[in-house]
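Welcome to this guided tour. Open your viewer, keep the selection tool handy, and follow along stop by stop.

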Amino acid sequence: MIAHAALFATLRRSLAAVLIALPLTACVTGGNPRAPIPVVRVAAAEPTQRVVVFLPGRGDRLETLVDHRVAQRIQAAWPGTDVVLTGLTMPYYKDGHVVEKLHDEIIAPELARHPGGVWIAGISLGGMGAIFYEHDHPGAIRGFVLFSPYLGDVGDWREVDAAGGLGAWDPGAPAPITQSTYRHELLRTLHAWAGDAARAQSVWLAYGTGKDFRATIERLTPSLPASHVLALPGSHAWSFWDGAIEALFARVAADAGTDP
């Protein structure tokens with residue numbers, strides 16, 4: 001099994017080249033990857049053991065999440081939830097320290113404040129970032145709430161499709177995340193979810209039935225509980241995500257209730 005430190009070292013060297021290839025949905029936003037990740041914390045009305053850490057999409061920044069009232073939408077659907085909005089923008093990914101910085105600066109402190117009750121939500125690129133976090137810290141997060149996550153291109157799934165789907169696919173031995181392997185390692189985490197019903201119960205997913213990313217997302221949906229998947233009319237844009245955030249978190253609340 002590949003050492004945790006080796007994976008981090010390779011991730012730092014490779015993500016700058018890797019993530020440049022992701023599809024653009026809006027202008028690339030700025031950010032200083034040498035500085036701490038900017039955050040806005042929105043506390044629940046009463047002390048709680050539960051927090052949602054929200055990762056933006058590629059074309060977004062922290063102010064985008066604030067302007068779209070993401071924290072308020074989550075709390076309207078799931079009262080009693082602290083929310084941490086992050087400015088984990090593309091420059092942090094390109095710098096190659098994204099998982100390490102997310103863990104050290106945000107997730108680890110939130111785990112101390114909310115033992116066992118940390119959730120990660122993400123849009124598009126942020127959804128992929130959440131999956132990368134699970135890759136390096138499997139089982140550490142209580143739940144994942146993903147909106148139109150980037151899951152590679154259809155061609156990246158050729159081997160999975162030939163095997164009959166994620167559950168039947170054998171990803172082989174773990175490999176360092178490099179420009180040539182990061183999509184494979186992304187799918188490895190999805191394969192792990194597909195092979196672990198209890199872990200699949202920790203994943204919720206919403207996506208638009210428009211063209212963007214639908215083909216790859218719908219290769220993941222059979223591995224998840226049907227009630228955890230929300231397909232709505234819409235495309236890869238805030239006109240979809242505004243409503244989807246509240247609608248999907250309402251499902252999370254119905255399933256998870258007052259649990260952390």
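**The whole chain**

Begin with everything shown. Of the 260 residues in the protein chain, 54% count as buried. Keep in mind that you are looking at a predicted model. Switch to a cartoon view, and the secondary structure comes to 11 helices and seven strands.

How do contacts in the chain relate to distance along the sequence? Among contacts between residues at least 6 apart in sequence, 79% join residues at least 24 apart.

**Into the core**

Hide the surface and select Leu 55, Leu 88, Ile 107, Ile 120, Leu 146 and Leu 190. Within the largest nonpolar core, which has 45 residues, these six touch the most other members. Which helix gives the most to this core? That is helix 6, residues 125-136, with six residues. There is a general pattern behind such a view: in soluble globular proteins, nonpolar side chains tend to be buried together.

Stay with Ile 107 for a moment and show what surrounds it. Leaving out residues up to four places away in sequence, Ile 107 touches Val 53, Leu 102, Val 118, Ile 120, Tyr 133 and Ile 141.

**Along helix 5**

Select residues 98-113, which make up helix 5. Try the distance tool on its two end C-alpha atoms. They are 22 Å apart, and this agrees with the 22 Å that 16 residues should span at 1.5 Å a residue. Look along the helix as well: it has a kink of about 40 degrees, centred on Asp 104.

Which residues of this helix are buried? They are Val 98, Val 99, Lys 101, Leu 102, His 103, Ile 106, Ile 107 and Glu 110.

**A salt-bridge network**

The structure holds 11 salt bridges. Select Glu 110 and Arg 41 to see one of them, with the closest N and O atoms 3.1 Å apart. Glu 110 lies in helix 5 and Arg 41 in strand 1 (residues 39-42), so this pair ties together parts that are 69 residues apart in sequence. Glu 110 is buried, because its relative accessible area is 2%, under the 20% cut-off. Arg 41, at 45%, is partly exposed.

In general, an α-helix has 3.6 residues a turn, so residues three or four places apart point the same way. Arg 113 is partly exposed, with a relative accessible area of 46%. Through shared partners, salt bridges join Arg 41, Glu 110 and Arg 113 into one network.

**A second bridge**

Move on to Asp 242 and Arg 73. They form a salt bridge whose closest N and O atoms are 3.7 Å apart. Asp 242 lies in helix 11 (residues 238-256) and Arg 73 in helix 3, so the pair ties together parts that are 169 residues apart in sequence. Asp 242 is buried at 18% relative accessible area, while Arg 73 is partly exposed at 23%.

**Two loop residues**

Most residues other than glycine have a negative phi. With that in mind, find Arg 69 in the loop between helix 2 (62-67) and helix 3 (70-77). Its phi is positive, near 55 degrees. Then go to Ser 148, in the loop between strand 5 (143-147) and helix 7 (158-163). The phi of Ser 148 is also positive, near 45 degrees.

Buried or exposed, how do they count? Arg 69 is partly exposed, at 49% relative accessibility, whereas Ser 148 is buried, at 2%.

**Last stop**

Finish at Arg 199, in helix 9 (residues 197-200). This arginine is buried, with a relative accessible area of 14%. Show what lies around Arg 199: beyond its neighbours within four places in sequence, it is in contact with Glu 134, Gly 139, Ala 140, Ile 141, Arg 142, Phe 144 and Trp 193.

Technical notes
Residues are numbered from 1 along each chain as its sequence is written. This is a predicted model: local features need pLDDT of at least 70, side-chain atom pairs count only at pLDDT 80 or more; totals for chains, interfaces and linings use all residues. Side-chain values use heavy atoms; hydrogens and water are left out. A nonpolar core is a set of buried Ala, Val, Leu, Ile, Met, Phe, Trp, Tyr and Cys residues joined through side-chain atoms within 4.5 Å. Buried means under 20% relative accessible area, exposed over 50%, partly exposed in between (1.4 Å probe, protein chains only). Helices (H or I, at least four residues) and strands (E, at least two) are DSSP runs, numbered from the N terminus. Contact means heavy atoms within 4.5 Å. The expected span of a helix is 1.5 Å times one less than its number of residues. The bend at a residue is the angle between axes fitted to the seven residues ending there and the seven starting there. A salt bridge is a side-chain nitrogen of Lys or Arg within 4 Å of a carboxyl oxygen of Asp or Glu.
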